Amino acid sequence: MTAPTTGPSPAPAPGQRSWLRDHSELGVCALLSALGVLVLTDALTMHVDITQRGPVGPRTVPVVVGAGLLLVAALLAVDVLRGGRGQAETGEDVDLSEPADWRTVLLLAGVFLGSAVLIEPLGFPVAGALLFWGAAFALGSRRFDRDPLIAAVVSLVAHTVFDNLLGVPLPGGPLMGVL
């Protein structure tokens, strides 16, 4: 009679992989499903005044998008469970042996969150210019003579297009009395 071992379970052989690792695309399915449910829930619980809507109400597009997300998630899950695999990146400009550049990712996330916080007090033109300039800096541009000017022009053009041409009101901030 042998005594039970209390050590860790043996590691899989070098050629074996775990089931979850072989089906990692199911994580994308879960994310798409969660987004689909969120979009559908928001769309179906939206308060709509029946007298203010036209032939296609404000719920139509979110319902179609949410249903599409759920459909794609289900089709992808079926494909993965039947053995389908995504192709590995083969782009010549991508070196898969290099680690991720977390500094750039964190800088971009910080710039995005900063602009989201500043958009209400400073308005879209200023927050957008900081967003565009910060993104250019995070992605490697060091042209301090040109980048702020380009960011300001792009932000003002975007504000004008959205606010005046498309009718999407964006906060103007304190500069809108001057401009």
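1. Helix axes are lines fitted to C-alpha atoms, over the stretch in contact, and angles between N-to-C directions run from 0 to 180 degrees. Helices here are DSSP runs (H or I, at least four residues), numbered from the N terminus, while strands are E runs of at least two.

2. This is a predicted model, in which local features need pLDDT of at least 70, side-chain atom pairs count only at pLDDT 80 or more, and totals for chains, interfaces and linings use all residues. Residues are numbered from 1 along each chain as its sequence is written, and side-chain values use heavy atoms, with hydrogens and water left out.

3. The protein has six helices and zero strands. Of its 179 residues, 18% are buried (buried is under 20% relative accessible area, exposed over 50%, partly exposed in between, with a 1.4 Å probe and protein chains only).

4. Helix α4 (residues 102–122) packs against helix α5 (residues 124–138) at about 170°, and their axes are 8 Å apart. Residues in contact (heavy atoms within 4.5 Å) include L107, L108 and F112 of α4 and L130, L131 and A135 of α5.

5. Two salt bridges turn up in the whole structure (a side-chain nitrogen of Lys or Arg within 4 Å of a carboxyl oxygen of Asp or Glu). Side chains of opposite charge can pair when their charged atoms come close. D145 counts as exposed because its relative accessibility is 59%, and R143, at 39%, is partly exposed.

6. The other bridge links D147 and R146 at 3.5 Å, N to O. D147 is at 9% relative accessibility and so counts as buried, whereas R146 is partly exposed at 36%.

7. L149, V153, V157, V161, F162, L165, L166 and V168 make a nonpolar surface patch with about 720 Å² of accessible area together. Patch residues have over 30% relative accessible area and no salt bridge; like charges are joined within 9 Å, nonpolar side chains (Val, Leu, Ile, Met, Phe, Trp, Tyr) within 5 Å. Accessible areas come from the Shrake-Rupley method with a 1.4 Å probe, and for residues only the protein chains shown count as cover. V161, in helix α6 (residues 147–165), is partly exposed at 31% relative accessibility.
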